[in-house]
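Colleague: I am new to reading protein structures. Could you walk me through one with me asking the questions?

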Amino acid sequence: MISETLLAIVDSGLRLAERKADQPESVRAYIAAAREGVERGVELISQLLAFANRRELDLQMRDLNACVSSSAPFLRYGAGPGVRLGFELGSDIPSCLIDPTMLEAAVLNLVLNARDAMPGGGEISIGTERLVETDSVSGRPGPETYAVLRVKDQGCGMTQDVLEKVLDPFFTTKGEDGTGMGLVQVRAFMQMVGGDLRIASEPGTGTTVDLLFPCTDATA
C-alpha cells in the first residue's frame, strides 16, 4: 500500500511539473513536494516495519489539528489530481496521546481507500471534533472525552454485509489490487493508543471513518 502511494506521489508531482514546464518556479515547487513525499514515505515504511515487529509506539501528547495540518501536503499528493481534499478542523480539540508518524500512516491509508472508492473523482473531507460520550461504549464506562479525526468520502459506499467484514484480516473489496490489511492496521494502531475506530457507510452515498483518541482528565 505505501509503495503504491510513493509511486502515486512521484507520478502526481511529475505530471504537475510537466503541465507547468514553462514555469520554472512551479516545476521546482512540484519536484520539491514530490521529494518530500518520498522522504516521508520512507519514514512511514520504517514505522510500519516497527509496527510489524511490535515495537513500542512513540507516543506524545499532541495537538490533533496540528498533526493533520502538517500532513496536508502529503495527503493531497496521496489523494491524486482527480480528488479534492477538504479540511474542516474543529475548535477546542483536546490534546491526546499520538504517535505522529503512525497517525499520518493511518490517515493516509484512509485517504487512499476513499480515493479508490471514487474512481470518477470527488471530494474527501478530513475533519476533527471534540466528542463527549455519556454512555458506555466498547466496554468503557462513560462519560469519556475524545478527540475525533473523521475521513469522509462521496464514493460508492458499502452494503451492510460488506461493512460487517471490512475489518476482517485479508478481506478486501479491491480484488487482486487489495491486501485486506489496511483497515486492520489502522484499527490495531487505535487499539494500541486506547482508542477506537468506527465506520459508517451507505451504498451510493459514501463512507465515513472516525478515529477516536481518548483524552486524559488533564486535557479534557
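This is a predicted model: local features need pLDDT of at least 70, side-chain atom pairs count only at pLDDT 80 or more; totals for chains, interfaces and linings use all residues.

Colleague: With which residue does D116 form a salt bridge?

Modeller: The general idea comes first: side chains of opposite charge can pair when their charged atoms come close. Here D116 pairs with R115, and their closest N and O atoms are 3.1 Å apart. R115 is partly exposed too, with a relative accessible area of 22%.

Colleague: How many salt bridges does the structure hold?

Modeller: There are 6. One of them joins R130 and D92, at 3.7 Å from N to O. This pair links distant parts of the chain, since R130 belongs to strand β4 (residues 122-133) and D92 to the loop between β2 (83-89) and β3 (96-98), 38 residues apart. R130 is partly exposed at 29% relative accessibility, while D92, at 56%, is exposed.

Colleague: Which residue forms a salt bridge with R150?

Modeller: That is E129, with the closest N and O atoms 3.2 Å apart. R150 sits in strand β5 (residues 144-152) and E129 in strand β4, so the pair also links distant parts of the chain, 21 residues apart. Salt bridges that share partners join E129, R150 and D210 into one network.

Colleague: Let me step back to the whole fold. How many helices and strands are there in the protein chain?

Modeller: The protein chain has 6 helices and 7 strands. Following the sequence, their order is α-α-β-α-β-β-α-β-β-α-α-β-β. As for what is hidden, 46% of the 220 residues count as buried.

Colleague: Which residues of the largest nonpolar core touch the most other members?

Modeller: They are L103, I126, L149, F189, I199, L211 and F213, in a core of 42 residues. Helix α4 (residues 100-116) gives this core its largest share, 9 residues. To look at one member, set aside the neighbours of I199 within four places in sequence: its contacts are then M158, L163, V166, L167, L183, T207, T208 and V209.

Colleague: How many aromatic pairs does a search of the whole structure find?

Modeller: The search finds 1. To read such a pair, look at the angle between the ring planes, where over 60 degrees counts as edge-to-face. The rings of F189 and F213 have planes at 65° and centres 6.4 Å apart, so this pair is edge-to-face. F189 is in helix α6 (residues 182-192) and F213 in strand β7 (residues 206-214), so the pair ties together parts 24 residues apart in sequence.

Colleague: Are F189 and F213 buried or exposed?

Modeller: F189 is buried, with a relative accessible area of 1%, and F213 is buried at 0%.

Technical notes: Residues are numbered from 1 along each chain as its sequence is written. Side-chain values use heavy atoms; hydrogens and water are left out. Helices (H or I, at least four residues) and strands (E, at least two) are DSSP runs, numbered from the N terminus. Buried means under 20% relative accessible area, exposed over 50%, partly exposed in between (1.4 Å probe, protein chains only). A nonpolar core is a set of buried Ala, Val, Leu, Ile, Met, Phe, Trp, Tyr and Cys residues joined through side-chain atoms within 4.5 Å. Contact means heavy atoms within 4.5 Å. Rings of Phe, Tyr and Trp (its six-membered ring) pair if their centres lie within 6.5 Å; planes under 30 degrees apart count as stacked, over 60 as edge-to-face and the rest as tilted. A salt bridge is a side-chain nitrogen of Lys or Arg within 4 Å of a carboxyl oxygen of Asp or Glu.
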